[in-house]
Amino acid sequence: MSFIIIGTAATCAGLGVLLVLAATWWLCKVVKRRKIRKLKEKNFERNGGLLLHQQVSSSEGHVDTTLFTSKALEMATDRYSKDRILGQGGQGTVYKGMLTDGRIVAVKKSKIEDESKKEQFINEVVLLSKINHRNIVKLHGYCLETEVPLLVYEFIPNGTLYEYIHDHSEGFPLTWDIRVRVAIEIAGALFYLHFAASIPIFHRDIKSSNILLDEKYREKLADFGTSKSVSIDQTHLTTRVQGRFGYLDPEYYQSSQFTDKSDVYSFGVVLVELFTGLKPILAPRAHDEGRSLATHFILTMEENHIFDILYPRIGKEHRKEEITTFANIAYRCLNLNGRKRPTMKQVAAELESINLSNRLPNAEEYYEEIDYPVNQLNGLWDLTSTSLSSSTSNSVKVDIEPLIRKY
């Protein structure tokens, strides 16, 4: 009988210990979940979640975006595996991911080093939530629960325009027709931003490494971290000078006043890249320092030697009138006086007309004689590697790597 009592007591004691252990495990789990929840709430607030939610929801004509959970994006990127990295840059790291619904996405893990970076992140989400254009990268959503905020874009698989211009890929050779198409589509995207979006938007970072190519090699304008929306009657923004040398509007560089024509200037540099196959900052020559492609192009136009710097593969296609028209459009975009540059609406229309027979009069009618004093060209446009390390370097942001690259 005593053995039964002892056995029963031992069993009860064992069950009691198991219950205590189970209760302790459950309590620890509850406490851990509560800590994680509070941390997510703290991250959400620190990353500007309340402000962002308010701005996005109050935006007119906004495109629906998803507020992703941190768990969903961890699963999508295999816990941010190094094997999933698409690219790294000054604003963060981008990972390739797959959502539960099968969509392939690019997840950008932003760098938030100070309040200005947080503002850039919020700004990018708010602006992209207002944009719906086939030649602008689509924002699927964002996540604010993590230590640094995450942006979820459509996946763009075929790299950047910069790579195709300067690495001369045989997989997608840039024939003359393709170069014109690229110019037309990006001009259309900028025309949309300046004139057709729910509120005018200045991109402020137009460069060939921010133009991506999708699975069908259609162009997608990306990287809206420094973009700004303006009121319809607002003519300019006064800001700290930001941008990459070679694409930077000299007028903006001098005055700190950014206008829609500053985007036009940067786009003009992209046109010259397409035209010549040369990089925005040319390599130093034996007798002088490196200078900007814009300077080289303008001086060549002044000397009437434009076909001397035409990309050789284009020159074999013998479309002199179209090529001359294209060059003249780029020439006008690069006018030192911003007021004399065409609008993106005019640029888009003139580029579109290159492919339409008899749409344009003789190209010479579109040639505008522009006076570029040589001392102005040398002073404003010859931004060399030496000037990059001068006193201006502290106030100019230079992004080295594009964020979404070929995987």
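Analyst: Helix 6 (residues 176-196) packs against helix 11 (residues 320-333) at an angle of about 30°, and the two axes are 12 Å apart. Helices here are DSSP runs of H or I with at least four residues, strands are runs of E with at least two, and both are numbered from the N terminus. Axes are lines fitted to C-alpha atoms, for helices over the stretch in contact, and angles run from 0 to 180 degrees between N-to-C directions. Helix 6 and helix 11 are therefore roughly parallel (angles under 35 degrees count as roughly parallel, over 145 as roughly antiparallel, 65 to 115 as roughly perpendicular and the rest as oblique). Their crossing is left-handed, a term for a near helix turned anticlockwise from the far one by less than a right angle, clockwise being right-handed. Trp176, Val180 and Ala183 of helix 6 meet Glu322, Ile323 and Phe326 of helix 11, contact meaning heavy atoms within 4.5 Å. By class, this contact has 5 nonpolar, no polar and 1 charged residues (Ala, Val, Leu, Ile, Met, Phe, Trp, Tyr, Cys and Pro count as nonpolar, Asp, Glu, Lys and Arg as charged, and the others, Gly among them, as polar).

The model is predicted: local features need pLDDT of at least 70 and side-chain atom pairs count only at pLDDT 80 or more, while totals for chains, interfaces and linings use all residues. Residues are numbered from 1 along each chain as its sequence is written, and side-chain values use heavy atoms, with hydrogens and water left out.

Helix 6 also packs with helix 8 (residues 260-276), at an angle of about 170° and with axes 11 Å apart. That makes the pair roughly antiparallel. On helix 6 the contact is made by Arg179, Val182, Ala183, Ile186, Ala187, Leu190 and His194, and on helix 8 by Asp260, Asp263, Phe267, Leu271, Glu273 and Leu274. These residues divide into 8 nonpolar, 1 polar and 4 charged.

Leaving aside neighbours within four places in sequence, Phe267 is in contact with Ala183, Ile186, Ala187, Leu190, Ile206, Met344, Val347 and Leu351. Phe267, Phe297, Phe326 and Leu351 have the most contacts inside the largest nonpolar core, which has 79 residues. Such a core is a set of buried Ala, Val, Leu, Ile, Met, Phe, Trp, Tyr and Cys residues joined through side-chain atoms within 4.5 Å. Helix 6 gives the most to this core, with 12 residues.

The protein as a whole has 14 helices and 12 strands. Of its 407 residues, 51% are buried (under 20% relative accessible area, with exposed over 50% and partly exposed in between, for a 1.4 Å probe and protein chains only).
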